Amino acid sequence: MRAACVFIPRFPIAIEIASGRAPRGRAVVIGESADSRRVVLDCSPEAEAQGVRPGVPVREALGLCRDAVFLAPDPIRYHEGSEAFLRVLSGVSPLVEGGDLGLAYVGVDGLQGHYEDEMTLGETLVRAVRGGVGLEASVGIAEGKFPAWAAAAVSAPGEVTAVPAGKEREFLAPLDISLLPASPEVLRRLDLYGLRTMADLAALPLGAAQAQFGPEGRRLWELAHGLDREPLRPRRHEESLSERLTFPEPAVSTEALLVAGRELLGRLFRQPALRHRAVRRMRLRAALADGRSWERTVTFREATADRDQMLYVLRCTLEAAGLPGSVEELSVEVSGLTEETGKQEGLFVAKGRRRAQLEEALRQLKARFGQSPVYHIVEVEPWSRIPERRLALIDYDP
Amino acid sequence: MVAHPRTPARPHRLRPLREPKPIDVEADGEWRPVAVTLGGRRLRVVAVQDAWRIDDEWWRERPVSRMYWQVELEDGQALTLYDDLLARVWFRQAYR
């Protein structure tokens with residue numbers, strides 16, 4: 001399978017520079033909140049040169065690179081940029097697989113006839129991205145996704161590297177072993193063994209790589225040989241609907257956002273495309289007054305058309321998230337649309353299932369507390385004149 | 001090996017509901033309740049709304065012989081008391 005990897009390194013930084021939020025040629029760091037601490041989402045090469053890496057705490061990055069421009073992430077902008085990136089590639093090939101931000105694989109089998117050679121095809125992809133998104137991508141074309149990615153990763157922005165079929169191992173041989181998709185621990189151990197290039201790993205017998213690193217060792221050994229059998233998984237077009245509402249004044253209270261959420265859900269469900277259909281996913285986006293944005297995606301356990309349920313989820317999401325600022329615009333996008341007009345409940349099944357769920361919950365309580373903390377009331381001698389003889393509690397043990 | 005379930009080895013136990021609770025009752029010479037002590041407060045009995053006697057389980061080692069009194073206290077609350085006629089001890093009990 002011939003594949004082209006189209007790669008825009010440091011996609012969030014590239015988007016921020018293209019939009020003018022970040023200056024070109026200066027150290028830029030984008031910090032995001034992970035759990036309760038803020039970590040670096042992405043950084044420019046200038047910041048990386050001073051020791052900043054994605055994933056390190058922002059506080060640490062601040063210490064390493066005091067003159068950097070620190071930005072809050074703008075997930076909406078990145079998402080829209082990524083969508084535009086994949087859309088322009090879909091104009092070149094119908095087989096496009098989206099990966100991380102700024103990474104896509106394009107199936108090129110059958111396209112060669114349309115172009116003079118693979119280099120021309122690669123240049124077409126570079127031009128498409130430049131014209132459609134305004135960013136410089138590097139392109140690698142090879143047999144399999146990993147060799148294609150490695151070719152793109154070692155190419156400069158705007159460059160194309162095509163690896164002839166059957167020459168993957170030769171191409172990869174001098175490349176740094178850290179290009180392999182391995183965990184940091186495995187990379188550290190590879191380094192301890194003195195394996196620095198793909199050729200070093202490829203020169204080992206397969207058994208030795210497997211003995212040291214297990215199944216991951218086999219996979220890495222194959223990749224170092226240029227063998228990647230992982231198929232291309234083209235993205236499917238997914239129907240989605242969205243509505244947005246701009247506040248006259250930036251909203252800060254959850255109640256105001258819920259009023260907007262109710263209005264947006266009402267508008268969505270009034271659209272003919274959503275009539276008698278349920279949705280599986282809901283994406284909430286908020287444009288904040290200070291130029292930042294916020295985004296959350298909720299996947300329902302079962303497709304739903306129940307607006308009250310969706311509004312409840314929206315409330316829980318907003319309350320749990322704690323928006324980082326006042327909201328200028330709120331949008332709701334629904335996707336995973338079903339063709340169902342409703343859900344047929346069983347006449348007896350639901351009751352049986354509830355009982356099964358209840359019994360499972362009680363088993364969990366029993367496992368936790370050592371005995372069932374739940375009792376049920378039984379009539380012992382309901383006719384008795386002595387009150388304590390009539391009813392009793394008995395352990396409920398399903 | 002089966003893990004220890006941490007459950008005490010005992011058969012299912014019945015826990016009687018509406019078990020009587022001891023109460024401090026002041027009675028007159030005819031064993032009629034005059035006042036009770038609830039939460040450290042002495043409350044006078046202002047009215048007896050009903051009274052009945054239960055003699056039962058005479059075949060057991062500890063037969064039941066109780067004189068029940070449904071009374072109204074000075075703070076307005078209603079209470080059902082009984083006098084254990086064999087032990088001469090007072091209890092309160094929900095009686096429905």
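Glu57(B) counts as partly exposed, because 15 C-beta neighbours lie inside 10 Å. The model is predicted. In it, Glu57(B) occupies the loop that links strand 5 (41–56) to strand 6 (64–73) of chain B. Its phi is near 50°. That is a positive value in a residue other than glycine.

Arg88(B) also has a positive phi, near 55°, and is likewise a residue other than glycine. Its loop runs between strand 7 (78–84) and strand 8 (89–92) of chain B. Arg88(B) counts as exposed, because it has 9 C-beta neighbours inside 10 Å, and the cut-off for exposure is 12 or fewer.

Along the sequence, chain B reads β-β-β-β-β-β-β-β. Of its 96 residues, 14% are buried. Among contacts in chain B with a separation of 6 or more, 34% involve residues 24 or more positions apart.

Chain B has a mean pLDDT of 84. A value of 70 or more is reached by 86% of its residues. Residues 1–12 of chain B stay under 50. For this segment the model has seven contacts beyond four places in sequence. Where pLDDT is low, the predicted coordinates should not be read in detail. For the complex, the predictor gives an ipTM of 0.83 and a pTM of 0.58.

Chain A contains 14 helices and 14 strands. Buried residues account for 31% of its 398 residues. Of the contacts in chain A between residues at least 6 apart in sequence, 58% join residues at least 24 apart.

The largest nonpolar core has 69 residues. Those touching the most other members are Ala4(A), Cys5(A), Val6(A), Val29(A), Val106(A), Ala148(A) and Leu201(A). This core draws on two domains of chain A, domain 1 (2–162) and domain 2 (168–224). Each supplies at least three residues. The surroundings of Val106(A) show how one of these members is placed. Another core, of 21 residues, lies apart from the largest one. Its members include Leu257(A), Ala260(A), Met310(A) and Val332(A).

Leu257(A) and Ala260(A) are also among the buried residues of helix 11 of chain A. Helix 11 comprises 17 residues, 254–270. At 1.5 Å a residue it should span 24 Å, and its end C-alpha atoms are 24 Å apart, so the two values agree. The buried residues of helix 11 of chain A are Leu257(A), Ala260(A), Gly261(A), Leu264(A), Leu265(A) and Leu268(A). They cover an arc of only 140° around the axis, so they sit on the same side of helix 11 of chain A. The face turned away from this buried side carries the exposed residues Glu255(A), Gly266(A) and Arg270(A). Cover for the buried residues of helix 11 includes strand 9 (240–251), helix 12 (307–321) and strand 12 (327–335) of chain A.

Note on methods: Residues are numbered from 1 along each chain as its sequence is written. Chains are lettered from A and ligands numbered from 1 in the order in which they are written. This is a predicted model: local features need pLDDT of at least 70, side-chain atom pairs count only at pLDDT 80 or more; totals for chains, interfaces and linings use all residues. pLDDT is the predictor's confidence in each residue, from 0 to 100. Two residues are in contact if their C-beta atoms, placed from the backbone, lie within 7 Å. Helices (H or I, at least four residues) and strands (E, at least two) are DSSP runs, numbered from the N terminus. A residue is buried if 20 or more other C-beta atoms lie within 10 Å of its own, exposed if 12 or fewer, and partly exposed in between; C-beta atoms are placed from the backbone. The expected span of a helix is 1.5 Å times one less than its number of residues. The arc is that of the directions from the helix axis to the C-beta atoms. A nonpolar core is a set of buried Ala, Val, Leu, Ile, Met, Phe, Trp, Tyr and Cys residues joined through C-beta atoms within 7 Å. Domain bounds come from an automatic or database domain assignment.
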